[in-house]
Amino acid sequence: MAEKMEFNQEIATEYDKGVRRTLPTYDPMLRLSQTFLRSALNENAEVLVVGCGGGNELKAFGVPNPEWRFTAVDPSKAMLEAAKAKAEHAGIEDRIEWINGTVMEVPTEKSFDGATCILVLHFVPELEDKKALLMKIRSHLNPGAPFVLVSKFGDPNDSEFKELVALWRNYWLDMTNLPEAQVDELMKGTLTESSISESAIRGLLRESGFHRVANFFKTNHFGGWICYAASKE
């Protein structure tokens, strides 16, 4: 067991380094997300965390809200184990239900008072699959439930987007010891993956059953939107 925990901690540490290189304002974003959720939820809330990664969201939301309960979803078994280790260290593991899979594996009958989907949507290539993900999240939310979405956004063919990616590339060169060729390889995915515009993201949210959409966060080509589950007709 000790070896497993050590392995988890190593994964979590590397993830924590990588996510903060990827998104330099990662921690303020989590603090703002927690404030938004806290302002809209009661002290006994049930929260769905889609793509719980290394457990940073669970720690950021769980520690200051000792009565909240979470369902944490991630398709990576290794990352889920890292999140479990972080949750145990933070003393919140008994308030978390774990699902090794995608949001599609969340049981249909489960309902939640709030949800987050942070740094997940841009890994879903097809527009219809992005919409399906958001609709599945909405299907589990009570009317009026708050939702936080954070994703890359922008048109890879747009000149402004390319300028932002160039800035991001230079940030990686400034902040790491990686050789230029390796950083350039990392950038290729951003220029070719299926990133979409902010207007398209807002449209997907509305079509999926969310309203009162507001952009609360932006750093380079990453953005965050807060919204609420609209009442179903």
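This is a predicted model: local features need pLDDT of at least 70, side-chain atom pairs count only at pLDDT 80 or more; totals for chains, interfaces and linings use all residues.
Asn-220 belongs to the loop between β6 and β7, the latter spanning 222-229. Its phi is near 60 degrees, again a positive value in a residue other than glycine. Is Asn-220 buried or exposed? At 14% relative accessibility Asn-220 counts as buried, since the limit for burial is under 20%.

## The largest nonpolar core

The largest nonpolar core has 36 residues, and the members that touch the most others are Met-29, Leu-58, Trp-68, Phe-70, Ile-118 and Leu-119. Helix α2, made of residues 26-40, gives the most to this core, with five residues. Apart from this core lies another, of 29 residues, which includes Val-124, Leu-133, Leu-141 and Phe-147.

Which residues does Ile-118 contact once its neighbours within four places in sequence are left aside? The contacts of Ile-118 are Met-29, Leu-30, Ser-33, Val-50, Gly-51, Glu-57, Phe-61, Val-148 and Val-150.

## Ser-33 in helix α2

Ser-33 has its place in helix α2 and is buried, with a relative accessible area of 0%. The side chain of Ser-33 reaches the backbone oxygen of Met-29 at 2.9 Å, and Met-29 is itself among the core members that touch the most others. Not counting residues up to four places away in sequence, Ser-33 touches Phe-61, Ile-118, Val-148 and Phe-216.

Cys-52 lies in the loop between β1 (46-50) and α3 (56-62), and at 3% relative accessibility Cys-52 counts as buried. When neighbours within four places in sequence are left aside, Cys-52 is in contact with Leu-58, Ala-72, Val-73, Asp-74, Leu-80, Ala-83 and Trp-98; Leu-58 is one of the residues that touch the most other members of the largest core. Although Cys-52 and Ile-118 are 66 residues apart along the chain, their C-alpha atoms are separated by 8.2 Å.

## Arg-138 in helix α5

Arg-138 lies in helix α5, residues 127-139. Is this arginine, Arg-138, buried or exposed? Arg-138 is buried, with a relative accessible area of 3%, because that value falls in the class defined as under 20%.

A polar atom of the Arg-138 side chain lies 3.1 Å from the backbone oxygen of Gly-209.

## Packing of α5 against α8

Two packed helices are described by the angle between their axes and the distance between the axes. Helix α5 packs against helix α8 (residues 198-207) at an angle of about 45 degrees, and their axes are 9 Å apart. The two helices, α5 and α8, are therefore oblique to each other, since angles under 35 degrees would count as roughly parallel and those from 65 to 115 as roughly perpendicular.

The crossing in which α5 passes α8 is right-handed. On the α5 side Leu-127, Lys-130, Lys-131 and Leu-134 take part in the contact, and in α8 they meet Leu-204, Leu-205 and Glu-207.

Note on methods:
Residues are numbered from 1 along each chain as its sequence is written. Side-chain values use heavy atoms; hydrogens and water are left out. A nonpolar core is a set of buried Ala, Val, Leu, Ile, Met, Phe, Trp, Tyr and Cys residues joined through side-chain atoms within 4.5 Å. Buried means under 20% relative accessible area, exposed over 50%, partly exposed in between (1.4 Å probe, protein chains only). Helices (H or I, at least four residues) and strands (E, at least two) are DSSP runs, numbered from the N terminus. Contact means heavy atoms within 4.5 Å. A polar contact is a pair of N or O atoms within 3.5 Å; within protein, one must be able to donate a hydrogen and the other to accept it, and residues adjacent in sequence count only if both atoms are side-chain atoms. Axes are lines fitted to C-alpha atoms, for helices over the stretch in contact, and angles run from 0 to 180 degrees between N-to-C directions. Angles under 35 degrees count as roughly parallel, over 145 as roughly antiparallel, 65 to 115 as roughly perpendicular and the rest as oblique. A crossing is left-handed if the near helix is turned anticlockwise from the far one by less than a right angle, and right-handed if clockwise.
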